[in-house]
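The following exercises ask you to read a protein model slowly, one region at a time. Try each task before you turn to its solution.

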Amino acid sequence: MTPTATTIRRDTLTLPAAAPGPYNPLPPLRPRDELHELDERSREGLPRDMARQLGYGRLRGILPARVRDDYGRDRTDTTVDTLVIENASLRVTVLPGLGGRVHSLHHKPTGRELLYTNPVLQPADFALNGAWFSGGIEWNTGATGHGVLSCAPVHAAVVPAPDGGSMLRLWEWEPLRDIPFQVDLWLPADSEFLYVGVRVRNPHETAVPVYWWSNIAVPEERRVLAPADEAWHFGYTSALRRVSVPGADGTDRTYPLRGEYPADYFYEVPDGQRRWIAALDEQGHGLVQTSTDTLRGRKLFRWGSGTGGRRWQEWLTEPGTGGYAEIQAGLARTQLEHVRLDAESEFSWLEAYGPLHADPAAVHGGDWAAARAATEERLAAALPRADVDAAYDAWLPYADAEPGTVLATGSGWGALEVLRARYKLPGTPFDESLIGPEQRPWAELLHTGVFPESGGPGAPGPTLVARHWRDMLETAPAEPLTEYHLGIAQWHADDRAQAVRSWERALPHAPSRWALLRALAVADQVDGFRERAADGYAKAFDELSAEPWDDGPDRTAAIAALGREAIAALLAVDRTAPARAVWDRLDPGTRARGRFRLVEAGLLLAEGDRDAVRALFADGFEVADLREGAETIGELWAEVSDEPLPAAYDFRMRPPTP
């Protein structure tokens, strides 16, 4: 029988969606709240390689990435571009404008969807830089957590596949580690498995910390199976402990709903054991993921059955459409680690995703060893381990193949870095033509040694903070905008005193001072000078409000972001009247948004009007950018009421602190 040819085509998908919104114009000078942190006691007694990697490559902040937090929860039918890879067995739908996520993996012979496909696109504050959405298969690189490219476009093109057909290549420049990566999706003719070749390269002359986890959303009414009898449990309480699998207390934790609070289980897969993880329903049907051995880690994330986890499920999707869990695969044992990638070297591996059916009596019969054995036996029959290794060997020579038809375009940051260093990156071209308005000032600095001054009021634009760009800024003429960007880069390098001096030098000569004043206010906050920080924020807000800047969405976003920070700084030193004055000057549409209703509640509480705070809760509000693990709403409620936190505001991810 003649094999059915694999096709790759453009298409569209229409879903109720809330747009991720523009980037916040205020550079993130402080680390964002991060749940995945361990206390020192939890590091004792860990395996030596894990302990070393837990302390390696920790981020000081997310620069040069920018925060995306200007989105809401009003969804409208929106058409998004997709790329579809299809053969006789599978139809794979990819979202190139949203991190290259695999939205759907549809098994055509049975009509089964193998993934959890979110029926909506709803941003939430889960990524390292804010906006993220749930569902499908996402490619996380950079640092611990959901990557900063979760809601960003990536480059995509057709490239030759090892079997003589075509595969879809996705690639981008990862800004946190300043390195390129690629994801090749290859669907051999008539194969029931999607092959995914991944390569992360370090073109620099020094080593870099690398992080990678492929996160796979599956319906939570599944049993999750992996080749391990132990796991590292992380329960969002800053503790990591070794536990038995499926569970030592009589509760089988391989079923995502059998547990109250959200939790991570990082499986301890023995050396030499085939790497795989599966999620199978009560009939024994589901998805399996396997890989070559480089991708060593496997994990289950569950939301649990408690009120906080259920509320998050509703928040991230459409109520009544079913919840999800995540099965994951990564470079390290846990997501709290980074792996060293030596200079001018690379990591590469092959993953495979496809349908699996195992004997339901064995899978759900209660005996963990029997369930594992039955699943692994079916995997061996459906896709032998040797076939995965052979597919990797076949793919690797094609990883350098130059793209043919371009299907989507990502950012111009990679093109700027290649222009600067003349990197040779076969297979992932970052052509100079991709350099756009945000990169052009930096290209001019590269070519002329001068950073161009802006033509008038407005946001200063993004700052590059890598050492090579910082060196160029230091030798450029000391104009105000140059000094502003230099200060940001120095701050990121933990040279805070020099950063403050750069900002102070720029201040007397800057035609637009609000961004400098805000940066200096942040520095005062970090150094404990809270009164002076409040003064600086108030002055920055006054000057931005008075600037003759076009009264459009960019200006509104800048005033909203700065106003939010200014109110918090003023309330921190009990200046309620000036904080109220900032609030009153915000745009009415801004004040009506959920995140600002929470700001208003804090302001009302500072003014002593507890009744007004309770009334605000009774009216209802939704904080669209509520941070994963944030307990702000519950803490505010406890200040004004002895009653239990209403379910609509209960996003707790861990037990109450005694």
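A pocket is found on a 1 Å grid over the protein atoms alone: it is an open set of points with protein on both sides within 12 Å along at least five of seven lines, and its lining residues have an atom within 4 Å of a point. The model is predicted, and local features need pLDDT of at least 70, side-chain atom pairs count only at pLDDT 80 or more, while totals for chains, interfaces and linings use all residues. Residues are numbered from 1 along each chain as its sequence is written, and side-chain values use heavy atoms, with hydrogens and water left out.

**Exercise 1. Describe the second largest pocket and its lining.**

Step 1. Begin with the volume, which is the space filled by probe spheres set on the grid points, these being joined across faces, edges and corners; for the second largest pocket it is about 1,200 Å³.

Step 2. Turn next to the lining, which is made of 48 residues, with Pro64, Pro175, Leu176, Arg177 and Asp178 lying nearest the centre of the pocket. Strand E10 (166–174), strand E13 (208–210), helix H6 (413–421) and helix H8 (467–475) are the elements that give two or more residues to this lining; helices (H or I, at least four residues) and strands (E, at least two) are DSSP runs, numbered from the N terminus.

Step 3. Sort the lining by class: there are 25 nonpolar, 10 polar and 13 charged residues. Here Ala, Val, Leu, Ile, Met, Phe, Trp, Tyr, Cys and Pro count as nonpolar, Asp, Glu, Lys and Arg as charged, and the others, Gly among them, as polar.

Step 4. Look again at Pro64, which lies in the loop between helix H1 (48–54) and strand E2 (76–86) and is joined to Leu63 by a cis peptide bond with an omega of about 10°.

**Exercise 2. Find the partners of strand E20 and decide how enclosed it is.**

Step 1. Strand E19 (residues 275–280) runs antiparallel to E20 and is joined to it by 6 bridges, where two strands pair if DSSP finds at least two bridges between them. In this pairing Trp276 stands opposite Thr290.

Step 2. The hairpin of E19 and E20 has 4 residues between the strands, and Gly284 takes a positive phi there, near 90°.

Step 3. E20 also pairs with strand E24 (residues 345–357), in the antiparallel sense and over 7 bridges, and Gln289 has Tyr353 in E24 as its bridge partner.

Step 4. Because 6 of the 7 residues of E20 (residues 285–291) are buried, the strand is largely enclosed by the rest of the structure. Buried means under 20% relative accessible area, exposed over 50% and partly exposed in between (1.4 Å probe, protein chains only).

**Exercise 3. Is Leu105 buried or exposed, and which residues does it contact?**

Step 1. Leu105 is in strand E4 (residues 101–107), and its relative accessible area of 0% makes it buried.

Step 2. Leaving aside neighbours within four places in sequence, the contacts of Leu105 (heavy atoms within 4.5 Å) include Leu90, Val92, Leu194, Leu287 and Tyr353.

**Exercise 4. Where does Glu344 lie, and what is its phi?**

Step 1. Glu344 lies in the loop between strand E23 (339–341) and E24, and its phi is near 50°, a positive value in a residue other than glycine.

Step 2. With a relative accessible area of 60%, Glu344 is exposed.

Key:
On a 1 Å grid over the protein atoms alone, a cavity is a set of points where a 1.4 Å probe fits but cannot get out, and a pocket is an open set with protein on both sides within 12 Å along at least five of seven lines; lining residues have an atom within 4 Å of a point.
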